[in-house]
Amino acid sequence: MRFETNFPKEFWDQFERLEKIDDVAPKMLQAAAPIAVDAIKKRLRPHRQTGELIRSVKASKPKEAKVGGYILKINFVGYDKTRKPTPSQPRGVPNAVKAAGIEYGNATEEPKPFLQSAAKDCEADVAEAMQRKFEVEMAINGTK
């Protein structure tokens, strides 16, 4: 049995774009990362004590996920150098632990969520930056 069909040129153009997604996706994530980092830093400002936590917000390099697609993580890196080391934390308090304490609270403080609101604040700008980067890359590659 034989099956034959003709697809419009636009369909093939879009399909060709998808073939180049492995080159473009990391660039799209890199274009959007500073926007998300800035949104998190902005939401952290009311919780500023020393500035260590705000300065610790960093974006990783994009990488291919094990289940397909690409990911870029935004992390709280390093340790708060202004706090004294303890036997259980000889390098100081990890900034990720401080962020979790603000986000979810602890025994002495109520939660003050900031991550979800930061994500909502920058969602449209991130999508726009990624779309712009996609269009630029497709124009460079001559597939627009």
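A search of the whole structure, a predicted model, finds one aromatic pair. Rings of Phe, Tyr and Trp (its six-membered ring) pair if their centres lie within 6.5 Å; planes under 30 degrees apart count as stacked, over 60 as edge-to-face and the rest as tilted. The centres of the Phe76 and Phe114 rings are 6.2 Å apart and their planes stand at 80°, so the pair is edge-to-face. Phe76 belongs to strand S4 (residues 74-76), while Phe114 sits in the loop between H4 and H5, so the pair ties together parts that are 38 residues apart in sequence. Helices (H or I, at least four residues) and strands (E, at least two) are DSSP runs, numbered from the N terminus.

Local features need pLDDT of at least 70 and side-chain atom pairs count only at pLDDT 80 or more, whereas totals for chains, interfaces and linings use all residues. Residues are numbered from 1 along each chain as its sequence is written, and side-chain values use heavy atoms, with hydrogens and water left out.

Phe76 has a relative accessible area of 17%. For Phe114 the value is 1%. Contacts of Phe114 (heavy atoms within 4.5 Å) include Ile40, Leu44, Ala99 and Ile102, not counting residues up to four places away in sequence.

The largest nonpolar core has 16 residues. Such a core is a set of buried Ala, Val, Leu, Ile, Met, Phe, Trp, Tyr and Cys residues joined through side-chain atoms within 4.5 Å. Ile40, Leu44, Leu53, Val57, Phe76 and Phe114 touch the most other members. Helices H2 (21-44), H3 (52-55), H4 (95-104) and H5 (115-140) each supply at least two residues. H2 gives the most, with six.

In H4, Asn95, Lys98, Ala99, Gly101, Ile102 and Glu103 are buried. The buried residues of H4 pack against H2, H3, S4, strand S5 (79-80), strand S6 (93-94) and H5.

The largest pocket is lined by 19 residues; Gln49, Arg83, Lys98, Ile102 and Glu109 are the closest to its centre. H4 gives the most to this lining, with four residues.

How values were computed. Buried means under 20% relative accessible area, exposed over 50%, partly exposed in between (1.4 Å probe, protein chains only). On a 1 Å grid over the protein atoms alone, a cavity is a set of points where a 1.4 Å probe fits but cannot get out, and a pocket is an open set with protein on both sides within 12 Å along at least five of seven lines; lining residues have an atom within 4 Å of a point.
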